[in-house]
Amino acid sequence: MGALQVVIGLYATVLPFAVLAAWIAVALWDLSSRVKGAELGRGAAVGWSLVVLVVPVVGAAGYLLVSPSVPRWLAATYVGGGVLAWLAVLGVTAGMGAAG
Amino acid sequence: MVWSRRGSGPGVGLGAALALAALAVLVGACSSAPEVASTIDMEDNFFDREVTRIAEGEAVRFRNRGVVPHNAIDVDGAWSTGEAAGGERFDLMEPDEEVVVPFDEPGVYRFYCSLHAPPDGTSGMAATLVVGDVDFQAAGDDAPEEQVTEWTGVTRRVPQEHPTIQNAVDAADPGDLVLIAPAPETPEYLADDGRYVYKEQGDIATPYLTIRGTDRNDVIVDGEHERPIGINTVAADGVAVENLTVRNTTGNGIYWTEVRGYRGSYLTSINNAIYGIYAFDSTDGLFEHSYASGSKDAGFYVGQCDPCDAVLTDVIAENNGMGYSGPNASEVFIVDSVWRHNVSGIVPNTLDSQRLPPFGRVTIAGNLIHDNDSREAPALGLQWSAFGNGVLLTGGMDTLVTRNRIVNHERSAVTVGPNLSRNFWMSGGNVVTDNVIEGSGYADLVLAGPALTGNCFDGNTPSRTVPGALETTAGCGPDAASGAQAGPADPDRGAFRLPSRYHLAPTLSFVGLVAESEFGVQPVNDHRDTPHPPDQPPLPGGVDAPVVPAVDVFAGFGLDLDDIEVPDAPAELVVDRGSVPLVGGVPLGLGGFSLLFGVLGWLAPFALFASWVALALLDLARRDDLGVGATVAWTAGVLVIPFLGAPAYLLAGGASLPRWLRWMSVVGATLVLGLLLGMAAVLGGLL
């Protein structure tokens, strides 16, 4: 139980940052693809990139949810799934008494 | 956190170890060393069993598994671990050291540790070795002593009626007063510094005595850096020691162990090597109006008791390894005192080398805690890991830190974190409220992980916490209370508390401090060079003060936490520590090993894991060979399976990324990082 407590508690600590990193990566990749496909101008892409990189959490998640090139189900899976996964792990940690 | 270490000490490299091993083989081939029939472990302040039996001609291995030095000495002088190791009778064994003692003569050998038991081995850290086929009957428990609550009216004067303190103590009956005048100004009492001192160790086995100096600053018991303890009370309940100074012992200044009822009042402890004023395995006690400096472990120490029912009030600890250390000591109240210029301030902690882990329900309130980041104070290697913290709770539960003024600490004002002993002890349920904090280098408040639930922070107005915004995300709620210290509800306290708010970077930073001490970066200061304090305030009333045996001490003290306020800052206290820059919780500028372990042990693994998740989700988003169901399922696996979901997808999920990239990211990078971390651990002496 002790080792599992440590692992789950640690995962609850790092997961949100890893998910955020993934959102940013996917959002920037999508922006790049849209510029290449001439769906988006450079100025708009730079603006969105700043929003994704600078606005904490909401910037990347918001972009994924509104981008026309990211399927709705995929955006919902990544954004909603990321949040739900974190909440689920938090719930487990709280149940196990493994996190501060 | 305080980390215990195992293995060879610094300077014993692999080559030397191999050479020693080869030498041992050669010696073994050429001699008939006795067979080691039994191993006796020395834990912190007890041998692991009362009676050991071996055959004639066999040997015993003594092994120090504690975190402080010990030894084993035959009460009749027949042998000692020091002599068996080729040294002197009272030589100490450091942690992890082993000594083999051969026994050719049959008999019953009573032995003791000179730091933690009286020389007759009747109590404290003592045990029995039976060699050969001899009659031995273990003694039964003695009948409990009758409690003496009042002075008998008998005063035994030293040196007027008794030439030594020991002589007076041996002659005294329970309830007597032993009154000690300054040592006679004759050559045999003259110390190197021109003071006249008692050159003896007082071993007290008679309960309910009051040992009182007539002058706190001129009645001096001096260990001359040869004797282990100044005043040594073992298994004698109700002993009060008052109004005198103990200095220059090789172990403890004033010590109580295995007692119920003790009191130390108006005591001064100077340059006693390990501990200053010290209670172990004892309950119902009080340290008050006392001062301790120049001890490598701690100025004040309460250990192994639950409940301790102990109070420390109006004490000053400075220039020690730790101001206060409290391994496995629960229900201790540390109030209205000053802790300054130590390597670390107040450090309740949990150790497996003592009984009753973990510590819990300690109250730290109304203290002035400042500048506990001294590089000039003496410290044992282990104590260096606590460097630079005002209050450090390591591996304990339900402790309350409130209404203290905590200023100028290179690391933190308050850190709650884990402790690695033989077990890994996490902290939980600790409450940190309403402290005034200034001048912290790393952070004002730190919750180092991993941690259990219930740690909370409120009303401290910190400028920086690690992790960030602790008071917002780990608030205490209106019913903030800690263990036995329940207080009134406060509706203004934030109730919101995320279950996961600790940070690993400070934990790795502590590992870096351990590496520093192993590597030899830790400052090494001789405790004998610690400056002496000015004269300290005497016992009011002096020789005419009431004589009260230490009975029902805790209840009689009448501690009222509601009366305790944040102490004022003295005029000379200037806030002069600035914040160091942090990257992901890793401090820049607090030592190379802290940075090294912070990067290799926290930042790099975290970045690697984040890259796996990002790569996996990016790859899933780019794939058009998977249906919605499979993509959702893999996404769930990547996110929900702790640490293994993302690498599993990258290696076995049919990812479209090049094979070399996936294997290099997951396997190659992990191996290289592990190798670098291992090399850092070897470099830092941790492996």
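**Figure 1. Helices of chain A.** In this predicted model, chain A is built with four helices and zero strands. If you trace the chain along its sequence, the pattern reads α-α-α-α.

**Figure 2. Overall dimensions of chain A.** Here we step back to take in the C-alpha trace, which spans about 55 × 25 × 15 Å along its principal axes. The radius of gyration of chain A is 16 Å, whereas a compact globule of 100 residues would have one near 13 Å.

**Figure 3. The open sheet of chain B.** Moving on to chain B, we find four strands that form an open sheet with mixed pairing, in the order β3-β8-β7-β5. Strands β3 (51-54) and β5 (73-74) of chain B each have a single partner strand and stand at the edges, so one side of each is left without a neighbour in the sheet.

**Figure 4. Where β3 meets β8 in chain B.** Strand β3(B) pairs with strand β8 (residues 126-131) of chain B in the parallel sense, and the pairing runs over four bridges. To find your bearings, look for B:Ile54, which stands opposite B:Val131 in β8(B).

Note on methods
Residues numbered from 1 in each chain as written. Chains lettered and ligands numbered in written order. Predicted model: local features only at pLDDT ≥ 70, side-chain atom pairs only at ≥ 80, totals over all residues. Pairing = 2+ DSSP bridges. Helix = DSSP H or I, 4+ residues; strand = E, 2+ residues; numbered from the N terminus. Rg over C-alpha atoms; globule rule 2.2 N^0.38 Å.
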